[in-house]
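Got your viewer open and your selection tool ready? Let's take a walk through this model, one selection at a time.

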Amino acid sequence: MARKVLDAQPFSRLVGARLTEFGAGRAVLEVEPRDELRQQNGFLHGGVLSYAADNVITFAAGTELGPAVLTAGFSIQYVRPAASGVLRARAEVVHAGRRQAVVRCDLSTVDEEGAETLCAVAQGTVLSAG
């Protein structure tokens with residue numbers, strides 16, 4: 001069901017996002033880097049990282065609040081440029097009530113050997129829309 005929701009988002013299809021984990025207060029979203037997603041210095045654009053954080057935060061919250069959810073707000077702190085490798089956004093619910101969840105997200109690049117390099121940290125609040 002979650003993958004169908006992601007595939008129904010035109011922007012997610014545009015960036016080539018895929019949901020690789022979903023359930024029990026967690027979600028993982030990955031984006032393969034390509035030239036169209038980079039900024040002028042060759043790094044993944046910050047907007048791609050923000051998109052990944054926003055979306056995976058909402059998916060993680062949906063595991064606790066149900067499928068009808070909306071991001072109320074989020075913040076992101078960039079730690080280092082996403083230079084190479086697959087972008088992996090890993091989110092986990094840190095608190096969930098009946099109508100709201102707070103979610104933390106780490107964004108990393110993953111090289112061919114599977115080593116992760118932290119690029120950004122985000123936190124968001126998601127509201128139940130149902």
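What follows is a set of stops, each with something to select and a note on what is there.

**Before you click**

This is a predicted model, so local features are given only at pLDDT of at least 70 and side-chain atom pairs only at pLDDT 80 or more, while totals for chains, interfaces and linings use all residues. Numbering starts from 1 along each chain as its sequence is written, and side-chain values use heavy atoms, leaving out hydrogens and water.

**Stop 1: the core**

Select Leu-29, Leu-49, Cys-105 and Leu-107: these have the most contacts inside the largest nonpolar core, which has 36 residues. A nonpolar core here is a set of buried Ala, Val, Leu, Ile, Met, Phe, Trp, Tyr and Cys residues joined through side-chain atoms within 4.5 Å. Buried means under 20% relative accessible area, exposed means over 50%, and partly exposed is in between, with a 1.4 Å probe and protein chains only.

Now color by element. Helices (H or I, at least four residues) and strands (E, at least two) are DSSP runs numbered from the N terminus. Those giving two or more residues to this core are α1, β1, β2, α3, β3 (69–78), β4 (86–96), β5 (100–110) and β6 (116–128). Which element gives the most to this core? That is α3, with 11 residues. As a bit of background, nonpolar side chains tend to be buried together in soluble globular proteins.

Zoom in on Cys-105 and show its contacts, meaning heavy atoms within 4.5 Å. Leaving aside neighbours within four places in sequence, Cys-105 is in contact with Ala-53, Val-56, Ile-57, Ala-89, Arg-90, Ala-91, Ala-120, Val-121 and Ala-122.

**Stop 2: along the helix α3**

Pick Asn-55, which is in helix α3. Buried or exposed? Asn-55 counts as buried because its relative accessibility is 10%. Its side chain makes a polar contact with the side chain of Ser-12, at 3.2 Å. A polar contact is a pair of N or O atoms within 3.5 Å; within protein, one must be able to donate a hydrogen and the other to accept it, and residues adjacent in sequence count only if both atoms are side-chain atoms. Not counting residues up to four places away in sequence, Asn-55 touches Leu-6, Gln-9 and Ser-12.

Then select Thr-58, also found in helix α3. Thr-58 is buried, with a relative accessible area of 13%. Beyond four places in sequence, Thr-58 is in contact with Val-69, Thr-71 and Val-126. Draw a C-alpha line from Thr-58 to Leu-127: the two are 69 residues apart along the chain and separated by 8.9 Å.

**Stop 3: the pocket**

Helix α3 gives the most, with three residues. The volume of this pocket is about 220 Å³. On a 1 Å grid over the protein atoms alone, a pocket is an open set of points where a 1.4 Å probe fits, with protein on both sides within 12 Å along at least five of seven lines, and lining residues have an atom within 4 Å of a point. Grid points are joined across faces, edges and corners, and the volume is the space filled by probe spheres set on them.

**Stop 4: a turn to check**

Go to Ala-24, in the loop between β1 (17–23) and β2 (26–31). Ala-24 has a positive phi of about 50° although it is not a glycine. Most residues other than glycine have a negative phi. Ala-24 counts as exposed, because its relative accessibility is 74%.

**Stop 5: out on the strands**

Select Ser-108 in strand β5. Ser-108 is buried, with a relative accessible area of 6%, and its contacts beyond four places in sequence include Val-86, Leu-87 and Cys-119.

Finish at Gln-123 in strand β6. Gln-123 counts as partly exposed, at 45% relative accessibility. From C-alpha to C-alpha, Gln-123 and Ile-76 are 6.7 Å apart in space and 47 residues apart in sequence.
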